[in-house]
Amino acid sequence: MIIIIDYGLGNLGSISKALDRIGYENRISRNLKNINPGDKFILPGVGHFEKGIKNLSKFNLINKLNDFVLIKKHSILGICLGMQLMTNFSEEGNCNGLGWVDASVKRFVFNSTNFKLPHMGWNSLNIKKNDSLFLRFDLDERFYFVHSYYVDCNEKNIISSTSNYYLEFCSSFSKENIHGVQFHPEKSHDSGLRLLRNFLET
Amino acid sequence: MFRPRIIPILLLQDSGLVKTKNFAKPRYIGDPINSVKILNDLKADELIFLDINASKKKQCMDIDFIKNIGDEAFMPFSVGGGFSRIEQMKAAFRNGAEKVVINTEAINNPNLIFEASNYFGSQSIVVSIDVRKTFFRGYKIYKNSGKVKTNLNLFNWCREVEELGAGEILLNSIDRDGMMDGYDLDLIKKISSNLSIPLVAAGGAGMLSHFKEAIEAGAHAVSAGSFFVYHGPRNAVLVNYPNLEELQEVFR
């Protein structure tokens, strides 16, 4: 069973629909009750970091997630803001995140008027390490990004891919059972569906 | 590598897909959901749906319709037409829309831009601006599907829209709409150089090279209507989208 975490931010319906399309049973949950061993989580997110972390706290999700992810080692995929929330700290709101990975979130700063914010559109990945998420990928898979802040990893070996938008930034990381992607697989056609299937199959 | 988006704009009128010329003479094209299926199969970057009657009818785009689009589209899509309240936008997002496009309602109530971008995040709010060239080579902004002239200054309005928190501006040349003769590159150049948010150009695309020209003029993304629904010298209706090779050729 895949649990899509509802903390008030993110396009839960789109993710659920994508999982339906690839044939995986899923449910949207805010209270995270009735979790079985082997259940996997998706932490979605679109919006402001501070609102995200406050909502996680408001809905009593932080302790539960720490338990499921850090202790019970359920697999979890963070998408966009969801990925960012897994880090230590974000400049968006200047507040602390869940601290599951040694990284922080920074705002893109450009010395050029050719680059607009947010980074919005389709981009490719520079694969940095073998990751189950990328199994059976073609050379040129493209994904949809929309963000003004990016993840800066202190722990370099968790970086599984980077992408280029003025600078080279971390577009996905993996640390044991914890995965994060800056892009939106549920909005990235077949490439996204393939990635979701990889997350769920392995 | 980052590639600029190429976005079909689909116009809705009473649940049918239509195409206009200079914002007039809507011609029936076909079933909109069918078009979504086709464009989804053809891997379109993104879709924009605009209900051209909604403002007039004082209601926003039908939410069931948005849900139907959401069920077929595995890429981001925007919806617009008569959105004037946060509650309406909430329903649109809940049913799968990535962004909401506001135009007339933003002109009538600029605070809506601030309210909506604050609530949903800038990246979710697109302000659409429709312009016609004036006799003295300036531009006039029109609202209500091009029917009502305003006295807004284009540069000032763009700046205000950006300051109020819009994530993107969709800039539509009414003069070029449906003509398939190229974008208004001058307009794109003038406006994009004064913006730090993305500009999506609309109005005039007839060939792949037009997309390249618009991007080089400063558009962050290009959108088109006729280009994606017509084919051939007699404008036969054929919903289409360039394939990967054609796109790579454009952006080499």
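This talk walks through selected features of chains A and B in a predicted model.

Some ground rules. Residues count from 1 along each chain as its sequence is written, chains are lettered from A and ligands numbered from 1 in the order in which they are written, and side-chain values use heavy atoms, with hydrogens and water left out. Because the model is predicted, local features need pLDDT of at least 70 and side-chain atom pairs count only at pLDDT 80 or more, while totals for chains, interfaces and linings use all residues.

Chain A, then. Start at helix α1, residues 12-21. Helices here are DSSP runs of H or I with at least four residues, strands are runs of E with at least two, and both are numbered from the N terminus. How many of the residues of α1(A) are buried? The count is 7 of 10, so the helix is mostly covered. Buried means under 20% relative accessible area, exposed means over 50%, and partly exposed is in between, with a 1.4 Å probe and protein chains only. The buried ones are A:Leu12, A:Ser14, A:Ile15, A:Ser16, A:Lys17, A:Ala18 and A:Leu19.

What covers them? From chain A, the cover includes β1 (2-5), β2 (26-29), β3 (40-43), β4 (76-79) and α5 (189-201). Chain B takes part too, with α3 (63-72). Contact here means heavy atoms within 4.5 Å. Just after α1(A) comes A:Gly23, with a positive phi of about 80 degrees.

Next, strand β8 of chain A, residues 119-124. This strand is mostly covered, with 6 of its 6 residues buried. Its partner is β10(A), residues 142-147. The two pair in the antiparallel sense over 6 bridges. Pairing requires that DSSP finds at least two bridges between the strands. One bridge sets A:Met120 against A:Val146 in β10(A).

Look at the loop between β7 (103-107) and β8 of chain A, where A:Pro118 is found. The peptide bond from A:Leu117 to A:Pro118 is cis, with omega near 0 degrees.

A:Arg136 sits in another loop, between β9 (126-127) and β10 of chain A. Its phi is near 60 degrees, positive in a residue other than glycine. Is A:Arg136 buried or exposed? Exposed, with a relative accessible area of 61%.

Over to chain B. Take strand β12, residues 221-224. Both faces are covered. B:Ala221 and B:Ser223 are buried on one side, B:Val222 and B:Ala224 on the other. Strand β1(B), residues 5-13, pairs with β12(B) in the parallel sense over 4 bridges. There, B:Ile7 is bridged to B:Ser223. Strand β11(B), residues 199-202, also runs parallel to β12(B), joined by 2 bridges. B:Ala201 stands opposite B:Val222.

B:Ile215 is buried, at 18% relative accessible area. Beyond four places in sequence, B:Ile215 touches B:Pro4, B:His220, B:Ala221, B:Val222 and B:Phe251. B:Leu185 is 30 residues away in sequence, and the C-alpha atoms are 9.3 Å apart.

Now B:Asp184. This one is in the loop between β10 (168-173) and α8 (185-192) of chain B. Is B:Asp184 buried or exposed? Buried, with a relative accessible area of 5%. Its side chain reaches the backbone nitrogen of B:Leu187 at 3.1 Å. Leaving aside neighbours within four places in sequence, B:Asp184 is in contact with B:Lys133, B:Tyr139, B:Ser173, B:Arg176 and B:Gly203.

On to a helix pair. In chain B, α6 (residues 111-120) and α7 (residues 154-164) pack at about 30 degrees, axes 8 Å apart. Axes are lines fitted to C-alpha atoms over the stretch in contact, and angles run from 0 to 180 degrees between N-to-C directions. Which residues meet? B:Ile113, B:Phe114 and B:Ser117 from α6(B) meet B:Trp157, B:Val161 and B:Leu164 from α7(B). The contact divides into 5 nonpolar, 1 polar and no charged residues.

B:Arg234 is exposed, at 79% relative accessible area. Phi of B:Asn235 is near 50 degrees, positive in a residue other than glycine.

Methods:
Ala, Val, Leu, Ile, Met, Phe, Trp, Tyr, Cys and Pro count as nonpolar, Asp, Glu, Lys and Arg as charged, and the others, Gly among them, as polar. A polar contact is a pair of N or O atoms within 3.5 Å; within protein, one must be able to donate a hydrogen and the other to accept it, and residues adjacent in sequence count only if both atoms are side-chain atoms.
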